[in-house]
Amino acid sequence: MRLDRLFEAGKFVVTVEVEPPKGTRVSEMLERAESLRGLVDAINVTDQQSSVMRLGSLASCHLLKERGIEPVFQLTCRDRNRIALQSDLLSAWALGIENVLCLTGDHVSLGDHPQAKPVFDLDSVSLLWTARRLKEGYDLAGNPLQGSPDFCLGAVVTPEADPLEPQILKMERKIRAGAQFFQTQAVYDPKAYERFTREIEGLKAPILVGIIPLKSAKMARFMNENIAGIKVPDGVIAEMERAKTREERRRKSAEICARIVQAVRPHCQGIHLMPMGWEDLVPEILELAGINP
Amino acid sequence: MIGQTKKPLREILEFLEGKERVVIWGCGGCASVFGTGGRREVRQLAEALSQHGKEVVAAVGVPPGEFTCHAPSLWERLKGYKEELKACQAVVVLACGDGLQVLQETLEEGFGLSRPVYPGVNTQGLMGGGPVSFQEKCRQCGECLLGEFAGICPLTRCPKGLLNGPCGGAKDGKCEVDRGLDCAWLSIYQRLKVLGKLEGLTRAPLFKDYAKEKRPRSLKVGQEG
Ligand code: SF4
Ligand code: SF4
């Protein structure tokens, strides 16, 4: 079921991110998605994440939809101008895709084709606005559409951005532009997330808190140093450090995730898991967190 | 000013393969400020080309303040070098891409001379600062939006050209695309805050009108639009 209906029904929503393959062999992506069937409400498909060229998000979402799995179509402004973005949105709707996550996208210089021309004709906010225009029956140029989509539109926010104020102003701007829900950057400190929710009290949009299972203490330190808005507390890093074997680390990682989920649960409408290859850990995380499908 | 860097000598020598008699033409405008085509650089290139066996029939250092891209003053100077230009097999221009093309057109239209014209610099865009380091400040979008951004251009100084707020990738104030750069959007936010104009950051999104950037552009002196 599309995400806005689930929010309306008061369901605690669980989404998981999967990444399309580099190449045409979709079987593994579909197996991963299949293994989550019944456990999660929807699957986000990334749009050439980190500017690494892959099979498309639109086609992948279609393959999921065909199998009865609810997709969230991630759409970035990096590779398409406003004509292509609108066209892909119409195409998505024609293929039965109802949830769209509107993103600016990473810069091409960070990916595997740094020579590519970055597009960024629109950005996350103007893309949301554009998608809403389509919902209202018009394209961006004001031309009436023959049949219009009725998307559930999402956006992202970083609860631990530093400074936070511009991030919140942008969140407000996204809501005004048409965002109906948010998925967040990974949260490791429920207290910090709670502070964020107090800052955004006036903003009424469901939030799915981002969860990335830690694979090791090293990964946590790497993210702290390199990824904006991710702050893994020292105590959590120490916990991961104490786990010696791979099995211990997986177990500990799931426990940490479950603990965060339980702590943020009263302050959000769901969670968004980004397992980055550890999809098979998702059932354990959900079970430990006490989330029943 | 038009920022520019020197092309490697190797590249210039490749252009000149099989061509022995060369004219070098500099610029007393931006190229002299950026140290790419002032009188000194013209002299240096002349020496280097001579060492590689080229006959430099003229090395034209243009006095400071005289812009090679300005056709009327260029034409006055060109007239004094007609014979050398006729005698040469190639011209190397130490000026921006604009200056080079004005020179080539003036040569053809003024003297009916067709000579291969090669760039000796790489043009990098509109830059401000100095005297030693410069930053790109404006990408000449054709419809200046600086009034919205407290005088800091996000189209140019944010690598993604975002118009509607920061991307969330800045870390310790540095841009996610290049950690050596300050995040332009944090500067915009801070200045808007000081000016008491933060409400602009929650308005309906801005869209860039790329029709205003349609190329090639032309204009008349004093034109509005
Ligand atoms: S808004 Fe356009 S004209 Fe103004 S500084 Fe930026 S690029 Fe230049
Ligand atoms: S970090 Fe700042 S300057 Fe860099 S891309 Fe993001 S918003 Fe633009």
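Is C152(A) buried or exposed? At 0% relative accessibility, C152(A) counts as buried, where buried means under 20% relative accessible area, exposed over 50% and partly exposed in between (1.4 Å probe, protein chains only). C175(B) lands in the buried class too, because its relative accessibility is 9%.

A quick word on the ground rules. This is a predicted model, so local features need pLDDT of at least 70 and side-chain atom pairs count only at pLDDT 80 or more, while totals for chains, interfaces and linings use all residues. Residues are numbered from 1 along each chain as its sequence is written, chains are lettered from A and ligands numbered from 1 in the order in which they are written, and side-chain values use heavy atoms, leaving out hydrogens and water.

Now the cysteines. With a disulfide taken as a pair of cysteine sulfur atoms within 2.5 Å, the count over all chains is zero. C152(A) is in no disulfide, and its nearest cysteine sulfur, on C102(A), sits 10 Å away.

| Pair | Axes | Angle | Crossing |
|---|---|---|---|
| α5(A) (residues 124–135) and α6(A) (residues 165–177) | within 8 Å | roughly 15 degrees | right-handed |
| α9(A) (residues 234–242) and α10(A) (residues 246–264) | 8 Å apart | about 155 degrees | right-handed |

Helices are DSSP runs (H or I, at least four residues), numbered from the N terminus. Axes are lines fitted to C-alpha atoms over the stretch in contact, and angles run from 0 to 180 degrees between N-to-C directions. A right-handed crossing has the near helix turned clockwise from the far one by less than a right angle.

Notes: Helix = DSSP H or I, 4+ residues; strand = E, 2+ residues; numbered from the N terminus.
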